[in-house]
Structures are given as C-alpha cells and as structure tokens.
Amino acid sequence: MTLKLGWSEVWKRKLIASSWWRRRQLTEGFWDKLARHYNEVAKRRMKGIPLNDIIELLNVDENSTVLDVGGGPGTYAIPLAKVVKEVTVVEPSKGMIECLKENMDSEGVSNIRIVNKRWEDVELSEIGQHDTVLASHSLAMLDLDSALLKMHRAARRRVVIMTFAGPRYGFYPELYEKVFNEKFIPGPDYIDVYNVLYDLGIYANITIKSIQRKETYRTIDDAVKRWASWLMIDESDKMDRIREVLERYIEPCDGGLCFRREFKEAIIWWDVREVKPIG
C-alpha cells in the first residue's frame, strides 16, 4: 500500500527543490545582503498600497493590533501603523530590521514592535494575541502546517496570507538559467498553501487578483547593475549574460528604460472565530 503524503510534506518537498530555496541556502546572510535592494523596491510599493482595501481585508481600525509575520522593511507595517493601534513585526533578518527602523524614523512611526526571530522560533507567550495576523509573501517555512497553526492561535479575528498564484517571474527563469547554467525550478504555489490549510480543517477564503508592475532604470548599465545586485554576483562574464537577457526585454519609457510584467496574487484569509483547526 502506498502512503499518501500530507500536503505539508508536499509543500516542504517543493520548497526544498526550488531554485530560490537552494540559492538561499548556499548564500550566507541571504536576506541581510538583499535588504538594501529589497528596501528600495518596498519603499516604492508602500506609496501605492490601497490602504482602505487593506484595512477592510484585515478587518482593523484605530483600536486594532496587527502581527506582521516576515514584515521585512515595513512594506505593510509602516502604512498600517499610521492607522491601527500597534503593529508587531516578526522578522529574522537584521538587515531588514535596520531598514525597517530607518523607514519608521523617516515616516514618523513609533508604534511598531520588532521581534528579531524566525516565526518558527517565536513563542506565542512573547508576542501575545493580535486582532489580525498578516503574512505577505513570507511563507518560506519548511514546517508549514505548524507555522499556520501558530498564526491561527495568534489571531483574535482574522489571518490573512498573500502569496503568488501561477507564474510570476517574467523573464527571471531565463535570466537565472543563463547566469547560473542550471534549470530554474519554481517553488510551491498558493494552491499548496490552501491544501495545507484544508488538511488542517481550515476552509479559507481565496481572492486572486492581477498585479501589474513596472521597473524603471536610467540606462541598460543601471539595469544590469541592479539585477546583478539582486542575484548577488559580480563576475564580468555573468554580467555580460545578464545584459544579453535584459536587452531582449527592456523597453524605452518615461525618459529611460523599463520592464513591465503582470502576475497574479492570491489573498487567502479566514476568521479564526469560525474555525476550529484539526491540528
């Protein structure tokens, strides 16, 4: 008889097999090294967040508290802190936390509590319950069912997860294969998260929306430099490979150059008051 794998194990195997996960494991201080690059992207996105929609989705107001799991430099924490009573950010990267503190200062925000730990290592007793728990593109956790159950128990009202749905890389797989000379393997998808929740007896709501992004650069040299930073490489032959790929996709716009891409984002949420998980 063949034993059927639980969805959490399927998630784990897909994550371990993914190119992104393997690169992360091979690079010491992966997120610390990417923090500054990521922060520049996050600061631009903060300005475009549809805050009213997010407030409605999270079901929060000026008296609410929010727990942001893997909050990075504050992409959501900073805008939310201007509306709710308090935000707690759990973030393992010291580089990300440095950026978060700088962003708090520049935005005049003081009601964000920072916990410098992996979500897997956090005890609920040290963070307490919050009205809503948010995890936006931060589920890089091998033991996903335990991580999700902890989010459920940390929330008084709602858990909201944002993750990718379907292909979202644009030309990145081609670029990756050209630079690293190996096949690009994507990681798990929103349906894998939903299936893990299903195994836990959490029948979550899902909304999938289209996202359009435009990344602008002054010159092709600027684009090559920024992508080399993102890929954490500096070898001249690999820089040439980056240029070769980028030149096929970059286009003139806004007095400079840009890439345009469209992908889908899944928003998965549930009301903890209506669910009693199996785990």
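How are helix 9 and helix 11 oriented to each other? In this predicted model, the axes of helix 9 (residues 172-180) and helix 11 cross at roughly 75° and come within 12 Å; helix 9 and helix 11 are therefore roughly perpendicular to each other.

## Helix 9 against helix 11

Two packed helices are described by the angle between their axes and the distance between the axes. For this pair, the side of helix 9 is supplied by Y172, L175, V179 and F180, which meet W227, W230 and L231 in helix 11. When the residues of this contact are sorted by class, seven are nonpolar, while no polar and no charged residues take part.

## Helix 11 against helix 12

Helix 11 (residues 220-231) also packs with helix 12 (residues 236-249), at an angle of about 120° and with the two axes 9 Å apart. That angle makes helix 11 oblique to helix 12, and the crossing in which helix 11 passes helix 12 is right-handed.

On the helix 11 side, the contact is made by I220, D221, A223, V224, W227, A228 and L231, and on the helix 12 side by M239, I242, R243, L246 and E247. The residues of the contact of helix 11 with helix 12 comprise nine nonpolar and three charged, with no polar residue among them.

## Helix 1 against helix 10

Helix 1 (residues 7-17) and helix 10 (residues 190-199) have axes 8 Å apart and pack at an angle of about 155°. Helix 1 and helix 10 are therefore roughly antiparallel to each other, and helix 1 passes helix 10 in a left-handed crossing.

From helix 1, the residues W7, S8, V10, W11 and K14 make the contact, and from helix 10 the partners are D192, V193, N195, V196 and D199. By class, the contact of helix 1 with helix 10 holds five nonpolar, two polar and three charged residues.

## The second largest pocket

Rolling a probe the size of a water molecule over the atoms shows where empty space is left. In the second largest pocket this space comes to about 190 Å³, and the residues that line the pocket are R24, T27, G29, F30, W31, D32, P92, S93 and R118.

Helix 3 (residues 30-46) gives the most to the lining of the second largest pocket, with three residues. The lining of the second largest pocket divides evenly by class, into three nonpolar, three polar and three charged residues.

Key:
Residues are numbered from 1 along each chain as its sequence is written. This is a predicted model: local features need pLDDT of at least 70, side-chain atom pairs count only at pLDDT 80 or more; totals for chains, interfaces and linings use all residues. Side-chain values use heavy atoms; hydrogens and water are left out. Axes are lines fitted to C-alpha atoms, for helices over the stretch in contact, and angles run from 0 to 180 degrees between N-to-C directions. Helices (H or I, at least four residues) and strands (E, at least two) are DSSP runs, numbered from the N terminus. Angles under 35 degrees count as roughly parallel, over 145 as roughly antiparallel, 65 to 115 as roughly perpendicular and the rest as oblique. A crossing is left-handed if the near helix is turned anticlockwise from the far one by less than a right angle, and right-handed if clockwise. Contact means heavy atoms within 4.5 Å. Ala, Val, Leu, Ile, Met, Phe, Trp, Tyr, Cys and Pro count as nonpolar, Asp, Glu, Lys and Arg as charged, and the others, Gly among them, as polar. On a 1 Å grid over the protein atoms alone, a cavity is a set of points where a 1.4 Å probe fits but cannot get out, and a pocket is an open set with protein on both sides within 12 Å along at least five of seven lines; lining residues have an atom within 4 Å of a point. Grid points are joined across faces, edges and corners, and a volume is the space filled by probe spheres set on the points.
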